[in-house]
Amino acid sequence: MSKSCNLDELTDTVRRVRDGMPAMPAIERQALVNEALQDQAEIHEIRARLERLTNRELDTLVALMTGAQVRDIARDRVVSEATVRTQVKNILSKLRTTSQLAAVGAAYRANWHPLTDRQTRFGSQQNHSQAG
C-alpha cells in the first residue's frame, strides 16, 4: 500500500487485516519477492565479478571509489597513466560496465567494502598457501 492511496483503499486494507486476510494481495507480494530475489542475484553476480579483479585492479578500483583520477593514481604508484588506463579497462571489462562511474556504482551497489572484503579474500588465500 502506498502513502498516496485513497481512503477507500486504506479502509479495504484495514478490513482485510482485521478479518485475518493478508494486507497485500498474493500477486503483489509475489512480485515483490521476485524483485528482491532478482536484486540479490544481481548483487551476487557483481560480487563474483569483483572477485575476479587482480590486486592492482582492486587497488585501482579503491582509488576510483575515493574519487582519484587516472593521473593521480599513476603518480601515487609511480607507473604510467597508460598502465592505470589498462587496469581501468580491465576493471570495466570484468565488471561488465562501460564507465568508471558505473564500475564504482556497481561496487557500492554490491555493498563492497574494499578493506574488509580484500582482507577476507587475501587472508584466506594466504592461509591456504601457508597450509601447503
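Which residue forms a salt bridge with D19, and how far apart are the closest N and O atoms? The partner is R18, and the closest N and O atoms are 3.2 Å apart. A salt bridge here is a side-chain nitrogen of Lys or Arg within 4 Å of a carboxyl oxygen of Asp or Glu.

This is a predicted model: local features need pLDDT of at least 70, side-chain atom pairs count only at pLDDT 80 or more, and totals for chains, interfaces and linings use all residues. Residues are numbered from 1 along each chain as its sequence is written, and side-chain values use heavy atoms, with hydrogens and water left out.

**Overall fold**

- The protein has seven helices and zero strands. Helices (H or I, at least four residues) and strands (E, at least two) are DSSP runs, numbered from the N terminus.
- Along the sequence the pattern reads α-α-α-α-α-α-α.
- Of the 132 residues, 27% count as buried. Buried means under 20% relative accessible area, exposed over 50%, and partly exposed in between (1.4 Å probe, protein chains only).
- Take the contacts between residues at least 6 apart in sequence: 59% of them join residues at least 24 apart. Contact means heavy atoms within 4.5 Å.
- The protein exposes about 9200 Å², and carbon and sulfur atoms supply 54% of that area. Accessible areas come from the Shrake-Rupley method with a 1.4 Å probe; for residues, only the protein chains shown count as cover.

**Helix 4**

- V70, I73, A74 and R77 are the buried residues of helix 4. The 140° value belongs to helix 5. The arc is that of the directions from the helix axis to the C-beta atoms.
- On the other side of helix 4, R71, R75 and D76 are exposed.
- Cover for the buried residues of helix 4 includes helix 3, helix 5 and helix 6.
- R75 and D72 form a salt bridge at 3.3 Å, N to O. Both lie in helix 4, three residues apart, about one turn of the helix.
- An α-helix has 3.6 residues a turn, so residues three or four places apart point the same way.
- R75 counts as exposed because its relative accessibility is 54%.

**Helix 5**

- Helix 5 spans residues 81–95, 15 residues in total. From first C-alpha to last it reaches 21 Å, close to the 21 Å expected at 1.5 Å a residue. The expected span is 1.5 Å times one less than the number of residues.
- V84, Q87, V88, I91, L92 and L95 are buried in helix 5. These buried residues fall within an arc of 140° seen down the axis, so they line one face of the helix.
- K89 and S93 are exposed on the other side of helix 5.
- The buried residues of helix 5 have cover that includes helix 2 (26–51), helix 3 (55–65), helix 4 (70–77) and helix 6 (100–109).

**Positive phi after the helices**

- Most residues other than glycine have a negative phi, and most peptide bonds are trans.
- V78 follows helix 4 and has a positive phi, near 55°. V78 sits in the loop between helix 4 and helix 5. At 72% relative accessibility, V78 counts as exposed.
- R96 follows helix 5. Its phi is positive, about 60°, although R96 is not a glycine. R96 sits in the loop between helix 5 and helix 6. At 58% relative accessibility, R96 counts as exposed.

**Salt bridges**

- The count comes to eight salt bridges.
- R109 and E42 meet through their side chains in a salt bridge of 3.0 Å, N to O. R109 lies in helix 6 and E42 in helix 2, so the pair ties together parts that are 67 residues apart in sequence.
- R109 counts as partly exposed at 36% relative accessibility. E42 counts as partly exposed at 34%.
- Salt bridges that share partners join D39, E42 and R109 into one network.

**Surface patch**

- L7, L10 and V14 make a nonpolar surface patch of about 290 Å². Patches are made of residues with over 30% relative accessible area and no salt bridge: like charges are joined within 9 Å, nonpolar side chains (Val, Leu, Ile, Met, Phe, Trp, Tyr) within 5 Å.
- L7 lies in helix 1 (residues 7–18). At 62% relative accessibility, L7 counts as exposed.
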